[in-house]
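I opened a structure that was new to me and kept notes as I went. The entries are in the order in which I looked things up.

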Amino acid sequence: QNNSDDEPVRIVDLGVRIFDTAEIPKTGESLAGPRRAARTTRRRLRRRKHRLDRIKWLFENQGLINIDDFLKRYNMAGLPDVYQLRYEALDRKLTDEELAQVLLHIAKHRGFRSTRKAETAAKENGAVLKATDENQKRMQEKGYRTVGEMIYLDEAFRTGCSWSEKGYILTPRNKAENYQHTMLRAMLVEEVKEIFSSQRRLGNEKATEELEEKYGIRVLPVQADISAGADNEALAESVAKQAMDAFGRIDVLINNAQASASGVTLEDHTTEQFDLAIYSGLYATFHYMKACYPYLKETKGSVINFASGAGLFGNYGQCAYAAAKEGIRGLTRVAATEWGPDGINVNIVCPLAWTAQLENFEKAYPEAFKANVKMPPMGHYGDVEKEIGRVCVQLASPDFKFMTGETITLEGGLGQRP
């Protein structure tokens with residue numbers, strides 16, 4: 001209740017209200033389900049639009065097209081058949097606009113990428129995986145060089161049509177509950193490589209290696225483990241320099257991999273086993289943070305370090321692993337304080353996701369696994385890409401720039417703490 005000055009003076013009523021579950025009576029489905037589905041669709045479409053806009057800007061910056069002129073032509077009737085262009089791109093030099101049309105089309109329809117073994121158990125995803133396997137087999141058996149060539153030439157992607165001069169039309173799109181035309185994303189990645197290679201061979205000066213790198217995703221694999229007795233500082237600096245040479249900048253550093261003798265009790269732990277966890281975890285994080293700091297300072301970048309519930313909650317049989325992870329948490333908080341003025345935010349993620357390594361842990365140390373790994377309240381273990389990786393992407397985005405020094409537990413409800 002408020003007084004005459006509209007200031008709260010006392011509580012009139014206090015209690016707990018209990019409501020029936022908001023659901024559709026006939027089906028038991030949540031009333032919020034359609035809203036969540038619509039929100040997911042909006043987000044997906046927004047991400048897709050942003051991705052395609054970035055690609056158009058890339059084409060313009062590389063001198064391939066003028067966006068306004070290209071879109072005016074792109075939205076007109078009578079545009080050349082894009083699958084014919086994808087086929088011809090292997091043996092004929094394309095015009096600038098033709099090359100842009102082909103690359104934009106592949107970016108729009110970028111294929112299916114499987115991320116979980118569990119997908120094979122789901123009816124819909126099982127059908128998708130079966131279709132991609134069949135298309136991959138068809139391409140190999142018939143010797144097609146690319147997906148585009150296969151779709152343009154193979155009868156499996158044709159439908160008879162009386163009004164077409166050829167007597168058929170290409171029907172590469174799927175119908176409801178029919179996934180026979182689904183392609184793996186990896187197959188399309190290979191097609192892009194083949195198109196760029198062919199266009200350069202045919203003398204297309206616009207099909208540069210720079211455009212290919214910026215259009216696709218380049219990965220620089222480097223084996224550089226931090227270990228006892230090695231020149232670890234020089235090793236980390238070398239990796240950072242290689243990344244700078246390859247990409248020209250470092251925006252995000254994620255320290256997530258380490259080894260340990262998890263499952264061995266404190267009493268039975270050897271010094272060598274303890275060193276394994278400390279060097280591959282704590283020292284590795286320390287050295288790579290130091291090596292990347294000058295470059296992160298330039299970009300006002302982000303650091304995301306992985307810790308663990310093993311350290312937060314003192315898991316059985318994980319003394320060295322827990323010590324390393326808690327050391328990483330302390331290091332992270334200090335870096336957040338010291339590097340904040342440089343515009344670098346540093347945070348910690350404690351994940352619980354089902355991985356091959358966790359599966360190996362269960363087989364090797366069933367007692368420790370049973371003591372430590374519980375089913376989260378959410379009813380499933382985290383998905384590495386969707387429920388862990390995407391959080392890291394958000395933590396590295398401008399939206400979370402003001403957050404630093406924090407520990408985020410992604411354990412489906414198991415990581416609750418005061």
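**Ground rules.** I am reading a predicted model, in which local features need pLDDT of at least 70, side-chain atom pairs count only at pLDDT 80 or more, and totals for chains, interfaces and linings use all residues. Residues are numbered from 1 along each chain as its sequence is written, and side-chain values use heavy atoms, with hydrogens and water left out.

**Helix α1.** I took helices (H or I, at least four residues) and strands (E, at least two) as DSSP runs, numbered from the N terminus. I looked up α1, residues 33–61, and checked its length. The expected span is 1.5 Å times one less than the number of residues. For the 29 residues of α1 that gives 42 Å, and the end C-alpha atoms are 42 Å apart, so the two agree. After α1 comes G63, with a positive phi near 75 degrees.

I then asked which residues of α1 are buried. I used buried for under 20% relative accessible area, exposed for over 50% and partly exposed for in between, with a 1.4 Å probe and protein chains only. R51, L52, D53, I55, K56, L58 and F59 are buried in α1. Their cover includes α2 (67–74), α4 and α8 (209–215).

**Cores.** A nonpolar core here is a set of buried Ala, Val, Leu, Ile, Met, Phe, Trp, Tyr and Cys residues joined through side-chain atoms within 4.5 Å. The largest one has 44 residues, and F59 and Y215 touch the most other members. Helix α4 (residues 96–108) gives this core its largest share, seven residues.

I listed what Y215 is in contact with (heavy atoms within 4.5 Å), setting aside neighbours within four places in sequence. The partners are I55, L58, F59, L103, I106, A107, V192 and F196. There is also a second, separate core of 21 residues, with A224, I250, A284 and V346 among them.

**Strands.** I went to β5 (residues 345–351) and found six of its seven residues buried, so the strand is largely enclosed by the rest of the structure. I counted strands as paired if DSSP finds at least two bridges between them. Strand β4 (residues 302–306) runs parallel to β5 and is joined to it by five bridges. N305 has I348 in β5 as its bridge partner. Strand β6 (residues 407–410) also runs parallel to β5, with four bridges. There V349 stands opposite I408.

**Salt bridges.** How many salt bridges does the structure hold? I counted a side-chain nitrogen of Lys or Arg within 4 Å of a carboxyl oxygen of Asp or Glu, and the total is 20.

I looked at R145 and D91, whose side chains meet at 2.9 Å, N to O. This pair links distant parts of the chain, 54 residues apart: R145 is in the loop between α5 (123–142) and α6 (147–153), and D91 is in the loop between α3 (82–88) and α4. R145 is partly exposed at 38% relative accessibility, and D91 is partly exposed at 48%. R145 also meets E149 in a salt bridge, at 2.8 Å. E149 is buried, at 7%.

D251 and R249 form another salt bridge, at 2.6 Å. D251 is partly exposed at 33%, as is R249 at 46%.
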